[in-house]
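These are my notebook entries on one structure. I recorded what I looked up, topic by topic.

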Amino acid sequence: MAKAPHTVAVYSDADAAALYDLLNPWDPEQWPGDAFYAELIADADSVLDVGCGTGAMLHWAREHGHAGRLVGLDPDKAALARARRRMDIEWVQGVAATMGWDTEFDLAIMTGHAFQFLTADDDIRSSLAAVRAALRVGGTFAFETRHPQAQAWESWNPSNVSDVVDAADRALRMWHQVEAVSDDTVTFTGTTAEPDGTVLRVDHTSLRFLDAAPLDVFLAEAELEVEARYGDWHRGPVTSTSKEIITIARRL
Ligand SMILES: C[S@@+](CC[C@H](N)C(=O)[O-])C[C@H]1O[C@@H](n2cnc3c(N)ncnc32)[C@H](O)[C@@H]1O
């Protein structure tokens with residue numbers, strides 16, 4: 001008897017990008033972090049979203065009346081394919097370090113902790129230099145990183161599973177597992193599985209958790225002056241219990 005063809009269960013990059021949007025809806029009315037950035041965007045004529053992912057923030061800005069130049073950059077093809085559903089925004093595939101814009105933007109932004117994907121010192125330096133070059137004189141760069149003192153990675157373990165249903169009505173079980181914590185860099189996996197634990201995909205990520213002092217050394221080297229620093233989305237100061245380091249820096 002002929003054997004049934006062996007099928008390998010998979011969850012594609014496109015599936016993962018769609019799931020990201022479902023699990024991380026951009027909504028300034030609901031999320032104070034989204035409201036923080038929405039306010040900055042409303043005040044800027046030209047905005048560069050570095051690590052824009054699926055582009056939800058710029059989509060929202062355009063839908064809510066932003067009439068200026070909006071540009072999103074990301075290395076992830078599948079995420080950008082979703083971003084490109086709106087054609088009245090410029091989308092560019094690439095990484096921060098090799099951006100070539102010159103004195104063009106009022107505001108550059110890295111949201112969703114995208115800055116933490118820059119793990120090597122050289123990458124941070126090149127990326128900040130490219131952000132600075134992209135900004136007009138007096139333009140601002142706003143971004144957040146998770147404060148290392150909060151040790152967010154402590155909860156990234158398989159005992160914390162999330163059961164979700166994706167846009168295609170597929171039930172999924174998701175979890176994270178830390179593989180290494182080395183100095184200020186955390187390497188971990190994100191697993192997407194069937195509800196019974198059958199693994200569909202495993203994503204590997206490294207994130208850097210810089211404290212404010214070393215972060216400010218990189219910003220100063222890039223000639224970006226810290227104009228404001230917050231520890232929460234309501235613009236409170238950074239304290240010993242802050243979970244975020246939120247920075248607004250200005251190109252001198
Ligand atoms: C957690 S997602 C955040 C996406 C989006 N900004 C948001 O707030 O939902 C981080 C994004 O950073 C992008 N990324 C990773 N390394 C990058 C780099 N070197 N330059 C620019 N973007 C990068 C990833 O592809 C990913 O889309």
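I began with a definition: a polar contact is a pair of N or O atoms within 3.5 Å; within protein, one must be able to donate a hydrogen and the other to accept it, and residues adjacent in sequence count only if both atoms are side-chain atoms. I noted that this is a predicted model, in which local features need pLDDT of at least 70, side-chain atom pairs count only at pLDDT 80 or more, and totals for chains, interfaces and linings use all residues. Residues are numbered from 1 along each chain as its sequence is written, and side-chain values use heavy atoms, with hydrogens and water left out.

For Tyr20, an N or O atom of the side chain is 2.6 Å from a ligand oxygen atom. For Asp74, a polar side-chain atom also lies 2.6 Å from an oxygen atom of the ligand. The protein buries 84% of the 590 Å² that the ligand exposes when taken alone (accessible areas by the Shrake-Rupley method with a 1.4 Å probe).

I took strands (E, at least two residues) and helices (H or I, at least four) as DSSP runs, numbered from the N terminus; two strands pair if DSSP finds at least two bridges between them. This open sheet has the order β3-β2-β1-β4-β5-β11-β10, with mixed pairing. Strands β3 (90–93) and β10 (224–230) are at the edges and have a single partner strand each, so one side of each is left without a neighbour in the sheet. I followed β1 (residues 46–50) and β2 (residues 69–74), which pair in the parallel sense over five bridges.

Entry 4, the four-stranded sheet. I read the order of this open sheet as β6-β7-β8-β9, with antiparallel pairing. Its edge strands, β6 (162–165) and β9 (199–208), each pair on one side only. Which strand pairs with β9 over nine bridges? I found that β8 (residues 185–193) does so, in the antiparallel sense. Thr187 stands opposite Ser206 in β9.
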